[in-house]
Amino acid sequence: MITEDIWYPKRKIISLDKAKQIIFELKKDGKKVGFTNGCFDCCHLGHLSSFLQAKQHCDILVVGVNSDACVKSYKGENRPIQDEKTRAMLLACLEFIDFVIIFDDRTALPLVEALKPDIIAKEGYSLDKWPEGQFVQSYGGQAITLERIDGYSTSELIKKMQ
(Lines give C-alpha, C1' and ligand atoms only; values in the text may rest on other atoms or scores of the structure.)
Protein backbone atom coordinates (compact mmCIF):
# COMPACT_ATOMS: atom_id res chain seq x y z
CA MET A 1 0.00 0.00 0.00
CA ILE A 2 1.29 3.48 -0.88
CA THR A 3 1.38 5.78 2.11
CA GLU A 4 1.12 9.55 2.09
CA ASP A 5 4.82 9.75 3.08
CA ILE A 6 5.89 8.67 -0.39
CA TRP A 7 4.36 11.87 -1.78
CA TYR A 8 6.83 14.17 0.03
CA PRO A 9 7.08 16.53 -3.00
CA LYS A 10 3.50 17.58 -2.20
CA ARG A 11 5.01 19.72 0.57
CA LYS A 12 6.52 21.87 -2.19
CA ILE A 13 3.06 22.68 -3.61
CA ILE A 14 1.95 25.66 -1.57
CA SER A 15 -0.73 28.32 -1.42
CA LEU A 16 -0.10 31.97 -2.21
CA ASP A 17 -0.39 32.89 1.48
CA LYS A 18 2.17 30.25 2.45
CA ALA A 19 4.46 31.39 -0.39
CA LYS A 20 4.35 35.01 0.83
CA GLN A 21 5.38 33.91 4.32
CA ILE A 22 8.18 31.68 3.06
CA ILE A 23 9.53 34.28 0.63
CA PHE A 24 9.50 36.98 3.31
CA GLU A 25 11.64 34.75 5.57
CA LEU A 26 13.97 33.70 2.75
CA LYS A 27 14.60 37.30 1.70
CA LYS A 28 15.24 38.23 5.33
CA ASP A 29 17.94 35.53 5.29
CA GLY A 30 19.50 37.08 2.17
CA LYS A 31 18.24 34.48 -0.30
CA LYS A 32 17.51 35.48 -3.89
CA VAL A 33 14.04 34.32 -4.98
CA GLY A 34 13.28 33.57 -8.62
CA PHE A 35 9.97 33.00 -10.36
CA THR A 36 8.73 31.56 -13.63
CA ASN A 37 5.34 30.31 -14.76
CA GLY A 38 3.41 28.43 -17.40
CA CYS A 39 0.99 25.60 -18.14
CA PHE A 40 3.62 22.83 -18.28
CA ASP A 41 1.01 20.48 -19.71
CA CYS A 42 3.45 17.88 -20.98
CA CYS A 43 6.78 18.57 -19.34
CA HIS A 44 9.58 18.30 -21.91
CA LEU A 45 13.24 19.20 -22.45
CA GLY A 46 12.38 22.82 -23.26
CA HIS A 47 10.70 23.23 -19.87
CA LEU A 48 13.56 21.52 -18.05
CA SER A 49 16.06 23.80 -19.77
CA SER A 50 14.06 26.88 -18.73
CA PHE A 51 13.90 25.74 -15.11
CA LEU A 52 17.63 25.01 -15.02
CA GLN A 53 18.46 28.38 -16.59
CA ALA A 54 16.18 30.20 -14.14
CA LYS A 55 17.66 28.37 -11.16
CA GLN A 56 21.14 29.59 -12.12
CA HIS A 57 20.02 33.13 -11.25
CA CYS A 58 18.48 32.48 -7.84
CA ASP A 59 18.72 30.51 -4.62
CA ILE A 60 15.03 29.58 -4.52
CA LEU A 61 12.91 28.93 -7.62
CA VAL A 62 9.14 29.31 -7.38
CA VAL A 63 7.07 28.07 -10.33
CA GLY A 64 3.53 29.25 -10.99
CA VAL A 65 1.31 26.71 -12.76
CA ASN A 66 -1.84 27.81 -14.58
CA SER A 67 -4.98 26.13 -13.22
CA ASP A 68 -7.02 23.80 -15.42
CA ALA A 69 -9.73 26.43 -15.93
CA CYS A 70 -7.14 28.99 -16.96
CA VAL A 71 -5.47 26.65 -19.47
CA LYS A 72 -8.84 25.71 -20.97
CA SER A 73 -9.73 29.38 -21.41
CA TYR A 74 -6.86 30.09 -23.78
CA LYS A 75 -5.70 26.70 -25.09
CA GLY A 76 -9.15 25.25 -25.81
CA GLU A 77 -11.49 22.54 -24.50
CA ASN A 78 -9.02 19.69 -25.12
CA ARG A 79 -6.41 21.17 -22.82
CA PRO A 80 -4.86 20.67 -20.43
CA ILE A 81 -3.91 17.07 -21.16
CA GLN A 82 -2.94 16.55 -17.51
CA ASP A 83 -4.82 18.08 -14.60
CA GLU A 84 -3.31 20.84 -12.45
CA LYS A 85 -2.54 18.54 -9.52
CA THR A 86 -0.59 16.16 -11.76
CA ARG A 87 1.29 19.01 -13.45
CA ALA A 88 2.14 20.59 -10.08
CA MET A 89 3.27 17.26 -8.64
CA LEU A 90 5.54 16.53 -11.61
CA LEU A 91 7.23 19.92 -11.18
CA ALA A 92 7.48 19.51 -7.41
CA CYS A 93 9.42 16.29 -8.00
CA LEU A 94 12.19 18.20 -9.79
CA GLU A 95 15.05 18.96 -7.41
CA PHE A 96 15.80 22.37 -8.91
CA ILE A 97 12.25 23.65 -8.30
CA ASP A 98 11.73 24.69 -4.69
CA PHE A 99 8.03 25.61 -4.62
CA VAL A 100 5.02 25.32 -6.92
CA ILE A 101 1.88 27.47 -6.80
CA ILE A 102 -1.26 26.78 -8.85
CA PHE A 103 -2.95 30.02 -9.91
CA ASP A 104 -6.24 30.91 -11.61
CA ASP A 105 -5.53 34.29 -13.19
CA ARG A 106 -5.09 34.56 -16.95
CA THR A 107 -1.64 36.09 -16.40
CA ALA A 108 0.86 35.66 -13.59
CA LEU A 109 0.93 39.40 -12.84
CA PRO A 110 -1.26 39.22 -9.70
CA LEU A 111 0.92 36.38 -8.40
CA VAL A 112 4.12 38.29 -9.16
CA GLU A 113 2.73 41.43 -7.51
CA ALA A 114 1.98 39.41 -4.37
CA LEU A 115 5.32 37.55 -4.24
CA LYS A 116 7.69 40.30 -5.44
CA PRO A 117 10.47 37.92 -6.54
CA ASP A 118 14.02 39.21 -7.01
CA ILE A 119 14.22 37.53 -10.42
CA ILE A 120 11.59 36.68 -12.99
CA ALA A 121 12.55 34.43 -15.87
CA LYS A 122 10.65 33.41 -18.98
CA GLU A 123 11.49 32.43 -22.53
CA GLY A 124 10.26 34.26 -25.58
CA TYR A 125 9.11 37.56 -24.08
CA SER A 126 10.53 40.97 -24.85
CA LEU A 127 10.25 43.36 -21.92
CA ASP A 128 7.82 45.70 -23.73
CA LYS A 129 5.30 42.81 -23.97
CA TRP A 130 5.99 41.32 -20.54
CA PRO A 131 4.09 43.16 -17.76
CA GLU A 132 5.39 40.78 -15.09
CA GLY A 133 8.99 41.52 -16.08
CA GLN A 134 8.27 45.27 -16.12
CA PHE A 135 6.77 45.04 -12.64
CA VAL A 136 9.76 43.16 -11.21
CA GLN A 137 12.13 45.72 -12.70
CA SER A 138 10.03 48.56 -11.24
CA TYR A 139 11.20 47.71 -7.72
CA GLY A 140 14.79 46.85 -8.64
CA GLY A 141 14.37 43.17 -9.52
CA GLN A 142 15.72 41.51 -12.62
CA ALA A 143 13.76 40.24 -15.65
CA ILE A 144 15.65 37.52 -17.51
CA THR A 145 14.75 36.21 -20.95
CA LEU A 146 15.64 32.53 -21.12
CA GLU A 147 17.05 30.80 -24.18
CA ARG A 148 14.65 28.50 -25.99
CA ILE A 149 15.63 25.06 -27.23
CA ASP A 150 14.25 24.82 -30.76
CA GLY A 151 11.96 21.93 -31.55
CA TYR A 152 10.33 21.65 -28.14
CA SER A 153 6.81 22.88 -27.59
CA THR A 154 3.87 21.23 -25.89
CA SER A 155 1.59 21.89 -28.86
CA GLU A 156 4.04 20.20 -31.22
CA LEU A 157 4.47 17.28 -28.82
CA ILE A 158 0.70 16.79 -28.66
CA LYS A 159 0.47 16.85 -32.49
CA LYS A 160 3.13 14.14 -32.70
CA MET A 161 1.30 11.97 -30.17
CA GLN A 162 -1.94 12.24 -32.14
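Reader: Where is Phe40 placed?
Author: Phe40 sits in the loop between strand S1 (33–38) and helix H2 (45–55), where helices (H or I, at least four residues) and strands (E, at least two) are DSSP runs, numbered from the N terminus. This is a predicted model, in which local features need pLDDT of at least 70 and side-chain atom pairs count only at pLDDT 80 or more, while totals for chains, interfaces and linings use all residues. Residues are numbered from 1 along each chain as its sequence is written, and side-chain values use heavy atoms, with hydrogens and water left out.

Reader: And what is the phi of Phe40?
Author: Phe40 is not a glycine, yet its phi is positive, at about 55 degrees. Most residues other than glycine have a negative phi.

Reader: Is Phe40 buried or exposed?
Author: Phe40 counts as buried because its relative accessibility is 10%, and buried means under 20% relative accessible area, exposed over 50%, and partly exposed in between (1.4 Å probe, protein chains only).

Reader: Switching topic, where is Asp98 found?
Author: Asp98 belongs to the loop between helix H4 (84–92) and strand S3 (99–103), and with 19% relative accessibility Asp98 also counts as buried.

Reader: Which side chain does Asp98 join in a polar contact of 2.5 Å?
Author: That partner is the side chain of Lys55; a polar contact is a pair of N or O atoms within 3.5 Å, and within protein one must be able to donate a hydrogen and the other to accept it, while residues adjacent in sequence count only if both atoms are side-chain atoms. The side chain of Asp98 also reaches the backbone nitrogen of Leu61, at 2.7 Å.
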